[in-house]
Amino acid sequence: MWHKYLLVAVYLWALTCSLVPAYGLVRIGLKKRPLDLQTIKAARAEREANYRGSLKGMNQNHYLGSSDEDIVPLNNYMDAQYYGEIGIGSPPQNFTVIFDTGSSNLWVPSSKCYFSIACYFHTKYKSSKSSTYTAIGTSAKITYGSGSISGFFSQDNVEVGDLVVKNQDFIEATKEGSLTFVLAKFDGLLGLGFQEISVGNATPVWQTMAEQGLLSDDVFSFWLNRDTTAEVGGELVFGGVDSKHYKGKHTYVPVTRKGYWQFEMGDIVIGNLSTGVCEGGCAAVVDSGTSLLTGPTTIVTEINHAIGAEGVVSAECKQVVSQYGDLIWDLLISGVQPDQVCKQLGLCVFNGAQYVSTGIETVVEKESREGSSAGDSALCTACEMAVVWAQNQLKQKGAKDKVLSYINELCESLPSPLGESIIDCNSISSMPNVTFTIGDKPFVLTPEQYILKTGEGIAAICISGFGALDLAPPTGPLWILGDVFMGPYHTVFDFGDLRIGFAEAA
């Protein structure tokens, strides 16, 4: 379950393994090189499918329950998925895997994969070559946006850095049904999420490490170097943190729901103006397998408009403003609750309970709309977004004409169908900061940090680091803090105390 987009700056971090003892850490340097820009589209589709479908395989029981530190090899695929080398079996057979906090299974191609082209381009696990292999045989399947992998569970020793995890369950993939896997620069995936979203309820590798007493501290931490000119790209540390990776102290927030590394985020501020959308709290996850910082289309559109990003013009959005803008205003002014406005206008007649702040509908609502036209659905969504935008402007005491004009401009800033928005590279210096409130403290992203750039001169292309991703309940609404956020902020995943820590990256 991995892997989430238009032209975007992407980098492949080539592996260099240099073992330099210091403070008990094994250090492995990373390098970067430009990657095919189209590949990021497939990555985003994969990640979106991951979040949309993850709950189907989730264990329904949800529990909320440094001397030896180990730093493992990492590469960066598409400036989105960080991967490195592990070993499986005795003697170890080496594989390149993605380290992904947004999923929980370990899988690699199997030597029994005969009919998938992708398997012929990657290293395959040979159980007959391992003296510590144990057969399990239970079938498994993981579905992604552009294909799926299927196979069966096996058990063997897994080597991660200098650690040897004994008797680890993993999936031998016998079918990889997508061109994405053929082109992938990695063999498989190592999930760092919780067991609750693990297919087959398999124990994640990090949890097995802890159960076997391999870690002196029940944490792992990510440091992602966003300096594209730097030779070292980043480090993943198991069993502790490296004080050279961050400045000051970490701000910790509790994990609110096991599965993903999920927590409650506070208000989002553009420049000096509050969006008001998360004043009462918003669900968010930290995901090393996502390149962008994604959230509901309604709010991401406001952010992208504020920074000058251009998306796809929405005819339905402009139609709502033209035909219903005055009525929306009047209803809000008269005290009608925002979640009832579009219903009273007859644009969302099939709704049960509106998720007005995001334009997301429940499964029941979606089924209720069967038989209605796609145009009706689009108008309903556009109306819900317009209500949110109008309500935010009312809080700032904006005049009616200016508010409707502003909403019309937002229609032109709606992200592309894949969620991204292009921006003028020459305007980066004049863009506002965007601040996320976590643990009642501000975490600021500067334009240089949230804009992704590829190419130079007339070939330069800049992409907003804010992507739209609408997820239906119970998974969503959800903000996903990917590498755009994890780059500026060193992140600690503390599974001992079930909390996540953020500090300014060094």
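Isoleucine 438 lies opposite lysine 441 of strand S22, and the two strands concerned, S21 (residues 434-438) and S22 (residues 441-445), pair in the antiparallel sense over 5 bridges. Two strands count as paired if DSSP finds at least two bridges between them; strands (E, at least two residues) and helices (H or I, at least four) are DSSP runs numbered from the N terminus. The hairpin of S21 and S22 has 2 residues between its strands, and glycine 439 adopts a positive phi near 60° there.

This is a predicted model, in which local features need pLDDT of at least 70 and side-chain atom pairs count only at pLDDT 80 or more, while totals for chains, interfaces and linings use all residues. Residues are numbered from 1 along each chain as its sequence is written, and side-chain values use heavy atoms, with hydrogens and water left out.

Elsewhere, an open sheet of 5 strands runs in the order S15-S18-S26-S19-S25, with mixed pairing. Strands S15 (262-265) and S25 (466-468) stand at the edges with a single partner strand each, so one side of each is left without a neighbour in the sheet. From one strand to the next, the twist averages 30°. Within this sheet, S19 (residues 293-295) and S26 (residues 479-481) pair in the antiparallel sense over 2 bridges, and leucine 293 has leucine 481 in S26 as its bridge partner.

Helix H4 (residues 297-306) packs on the sheet and touches S19, S25 and S26, contact being heavy atoms within 4.5 Å. The direction of H4 makes about 145° with that of S25, where axes are lines fitted to C-alpha atoms, for helices over the stretch in contact, and angles run from 0 to 180 degrees between N-to-C directions. In H4, 8 of the 10 residues are buried, that is, under 20% relative accessible area with a 1.4 Å probe and protein chains only; among them are Ile299, Val300 and Glu302. Glycine 308, with a positive phi near 85°, follows H4.

Conventions: Buried < 20%, exposed > 50% of the residue type's maximum accessible area, 1.4 Å probe, protein only.
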